[in-house]
Amino acid sequence: MKIQNNQFFSIEQLQAKYFTQSKQGQKGTDAGNSLSFQDVLNRTAESAEKPAGVRFSKHAANRLAERNIELTDNQMERLQEGTVKAGAKGINDSLVLVDQLAFIVNIPNHTVVTAMNQTEADESIFTNIDGAVII
């Protein structure tokens with residue numbers, strides 16, 4: 001904000017001019033779209049209740065491609081369901097088993113970190129997880 005000398009005689013005049021301008025600018029851009037604080041709060045709560053879709057990290061996407069693993073819509077839904085259930089139990093990094101597929105999922109980020117067939121897992125040992133969901 002550039003202020004020219006001798007345009008204002010007091011801080012109050014300066015505040016009144018710029019505060020009034022910013023308020024008018026906001027009213028102009030929000031015309032017809034104004035929401036109350038309660039409306040914004042309700043929308044935020046609704047979006048928090050709707051689980052975000054599971055994403056795949058670059059590593060997990062590469063593993064799926066390398067291992068020729070293709071997920072059906074049903075398997076994706078179940079993976080999402082397992083992720084939601086793990087989150088409800090406070091798990092941060094979960095093993096989610098769907099059919100013969102094993103996924104390590106970072107629950108707070110809804111991100112699959114790696115994926116494999118259960119038969120490919122070395123000795124069936126999974127590390128760096130704090131929970132498991134079989135779905």
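**Sheet, helices and core**

Author: In this predicted model, α4 lies across β1, β2, β3, β4 and β5. Helix α4 runs at about 145° to β2.

Reader: What is the order of the strands in the open sheet?

Author: The order is β1-β4-β3-β2-β5. The sheet has five strands, with mixed pairing.

Reader: Why are β1 and β5 said to stand at the edges?

Author: β1 (55–56) and β5 (131–134) each have a single partner strand, so one side of each has no neighbour in the sheet.

Reader: What makes β1 and β4 a pair?

Author: Two strands pair if there are at least two bridges between them. β1 and β4 have two bridges, so they meet that cut-off. Their sense is parallel. The bridge partner of Phe56 in β4 is Val112. On this sheet packs α3, touching β1, β3 and β4. The direction of α3 makes about 20° with that of β4.

Reader: Why is Asn62 called partly exposed, rather than buried or exposed?

Author: Buried means under 20% relative accessible area, and exposed means over 50%. Asn62 has 37%, which lies in between, so Asn62 is partly exposed. Asn62 belongs to helix α3.

Reader: Which residues have the most contacts inside the largest nonpolar core?

Author: They are Leu79, Val96, Phe103, Val105 and Val112. This core has 16 residues. The largest share, three residues, comes from β3. Another core, of five residues, lies apart, with Leu95 and Met116 among them.

How values were computed: Residues numbered from 1 in each chain as written. Predicted model: local features only at pLDDT ≥ 70, side-chain atom pairs only at ≥ 80, totals over all residues. Heavy atoms only, no water. Core = buried A, V, L, I, M, F, W, Y, C linked by side-chain atoms within 4.5 Å. Buried < 20%, exposed > 50% of the residue type's maximum accessible area, 1.4 Å probe, protein only. Helix = DSSP H or I, 4+ residues; strand = E, 2+ residues; numbered from the N terminus. Contact = heavy atoms within 4.5 Å. Axes fitted to C-alpha atoms, helices over the stretch in contact; angles between N-to-C directions.
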